[in-house]
Amino acid sequence: AERRFTETHEWVSRDGDEVTIGITEYAQNALGDIVYVELPNVGDAVEYEEEVGAIESVKAASELYAPLEGVVTETNDVLQLTPKLVNLSPEEGGWIMKLKIEDEEGWEKLLDEETYAEMCRGEGETD
């Protein structure tokens, strides 16, 4: 599966016309201890950059945005009981949702790993 990233710190892993989405290591680190994950509903049709859920930590709440247009095919219900999984395994077991996509153009606009890493380094710098 090929993996891309968004400027709002989601990762998108693609397998054919299905993508798995979660938040990055960088994002979970910035949020701190995650206490609640709001998931979209399976069957929801989502637009690019539409708000599809939220993640709440002890210090902040962060909206989740759809990185691509598509239909929600699955959500990681384990997170309802164990939101901390997003901290422990943000890019594996703590995935958030899966989408069936038809959005080739959107996929091409997502950041590759190198560009994303550069962006994170830039955000980490203070003047």
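This is a predicted model: local features need pLDDT of at least 70, side-chain atom pairs count only at pLDDT 80 or more; totals for chains, interfaces and linings use all residues.
1. Tyr36 has Glu56 of strand β6 as its opposite residue.

2. Strand β4 and strand β6, the latter spanning residues 51-57, are joined by four bridges and run antiparallel. As a general point, the strands of a sheet pair through backbone hydrogen bonds, in either a parallel or an antiparallel manner.

3. The pairing belongs to an open sheet of three strands, ordered β4-β6-β7 and antiparallel in its pairing. Its edges are formed by β4 (34-38) and β7 (61-65), each of which pairs on one side only. From one strand to the next, the twist averages 20 degrees.

4. Which residues make the nonpolar surface patch? Val35, Tyr36 and Val58 do so, and the patch amounts to about 300 Å².

5. Val58 is located in the loop between β6 and β7. Why does Val58 count as exposed? Its relative accessibility is 63%, and because the cut-off for exposed residues is over 50%, Val58 falls in that class.

6. On confidence, the protein chain has a mean pLDDT of 94, with 98% of its residues at 70 or more. Within the chain, strand β8 (residues 70-75) has the highest confidence, at 98, whereas helix α4 (residues 104-109) has the lowest, at a mean of 90.

How values were computed:
Residues are numbered from 1 along each chain as its sequence is written. Side-chain values use heavy atoms; hydrogens and water are left out. pLDDT is the predictor's confidence in each residue, from 0 to 100. Helices (H or I, at least four residues) and strands (E, at least two) are DSSP runs, numbered from the N terminus. Two strands pair if DSSP finds at least two bridges between them. Axes are lines fitted to C-alpha atoms, for helices over the stretch in contact, and angles run from 0 to 180 degrees between N-to-C directions. Patches are made of residues with over 30% relative accessible area and no salt bridge: like charges are joined within 9 Å, nonpolar side chains (Val, Leu, Ile, Met, Phe, Trp, Tyr) within 5 Å. Accessible areas come from the Shrake-Rupley method with a 1.4 Å probe; for residues, only the protein chains shown count as cover. A salt bridge is a side-chain nitrogen of Lys or Arg within 4 Å of a carboxyl oxygen of Asp or Glu. Buried means under 20% relative accessible area, exposed over 50%, partly exposed in between (1.4 Å probe, protein chains only).
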